[in-house]
Amino acid sequence: MAGAGQGWLQMSWREVLAIHKTLRGIGSHSLLVDRGESGYHNEFLPDGRIIYPGEGLQGNQQPTGGNRVLLEAYADRRPMRVFAREAPNRWRDLGRYRIERVEYSWLPRERRYIYKFTLEPELSTDPGSKL
């Protein structure tokens, strides 16, 4: 998986959950990415950025819940720690990312609007750093 830098920390789900503190993909200071196992389709760009779809698999996504957390992080320029699922019970701490862009886009195939958050890795990729 593309990420913010070398030296990523491999973790179990229990270790991720101790930091992430929720079973949902978007926590208050962190978020989870995968290759579609969750039903969401994150896009990993060659330059290390991630296109992260908003929360909500049916109907138009709303600026509530996890989407609100990400919208506030964007407005405040607050970084989010990103954990990537590599396999069952195997996660990688990709470090801190900032939301550089937010789009609210119509998906004709699904006939609904969704948020697309573009996440950019921070220069410092020390996974042990605090948010």
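Reader: Where is the place of Asn-89?

Author: Happy to start there, keeping in mind that this is a predicted model. Asn-89 sits in the loop between strand 5 (80–87) and strand 6 (90–107).

Reader: What makes the phi of Asn-89 worth a remark?

Author: Most residues other than glycine have a negative phi. Asn-89 is not a glycine, and yet its phi is positive, about 60°. Arg-111, in the loop between strand 6 and strand 7, also has a positive value, near 55°. Arg-77, which follows helix 2, has a positive phi near 60°.

Reader: Why does Arg-111 count as exposed?

Author: The cut-off for exposed is over 50% relative accessible area. Arg-111 has 66% relative accessibility, so Arg-111 counts as exposed.

Reader: Now to helix 2. How does its reach compare with what is expected at 1.5 Å a residue?

Author: Helix 2 covers residues 65–76, which makes 12 residues. From the first C-alpha to the last, helix 2 reaches 17 Å, close to the expected 16 Å.

Reader: Which residues are buried in helix 2, and how do you know that they line one face?

Author: Buried here are Gly-66, Asn-67, Leu-70 and Ala-73, where buried means under 20% relative accessible area. Looking down the axis, the buried residues of helix 2 fall within an arc of 125°, so they line one face of the helix. The face turned away from that buried side carries Ala-75 and Asp-76, which are exposed.

Reader: What covers the buried residues of helix 2?

Author: The cover includes strand 2 (30–33), strand 4, strand 5, strand 6 and strand 7.

Reader: Which residues are the closest to the centre of the largest pocket, and what is its volume?

Author: The volume of the largest pocket is about 330 Å³. It is lined by 17 residues, and the closest to its centre are His-41, Pro-53, Leu-107, Glu-110 and Ile-114. Strand 4 (50–53) and strand 7 (112–121) are the elements that give two or more residues to this lining. By kind, the lining divides into 7 nonpolar, 5 polar and 5 charged residues.

Reader: And what pattern does the protein follow along the sequence?

Author: With 2 helices and 7 strands, the protein reads β-α-β-β-β-α-β-β-β. Of its 131 residues, 42% count as buried. Among the contacts with a separation of 6 or more, 57% come from residues 24 or more positions apart.

Methods. Residues are numbered from 1 along each chain as its sequence is written. This is a predicted model: local features need pLDDT of at least 70, side-chain atom pairs count only at pLDDT 80 or more; totals for chains, interfaces and linings use all residues. Side-chain values use heavy atoms; hydrogens and water are left out. On a 1 Å grid over the protein atoms alone, a cavity is a set of points where a 1.4 Å probe fits but cannot get out, and a pocket is an open set with protein on both sides within 12 Å along at least five of seven lines; lining residues have an atom within 4 Å of a point. Grid points are joined across faces, edges and corners, and a volume is the space filled by probe spheres set on the points. Helices (H or I, at least four residues) and strands (E, at least two) are DSSP runs, numbered from the N terminus. Ala, Val, Leu, Ile, Met, Phe, Trp, Tyr, Cys and Pro count as nonpolar, Asp, Glu, Lys and Arg as charged, and the others, Gly among them, as polar. Buried means under 20% relative accessible area, exposed over 50%, partly exposed in between (1.4 Å probe, protein chains only). The expected span of a helix is 1.5 Å times one less than its number of residues. The arc is that of the directions from the helix axis to the C-beta atoms. Contact means heavy atoms within 4.5 Å.
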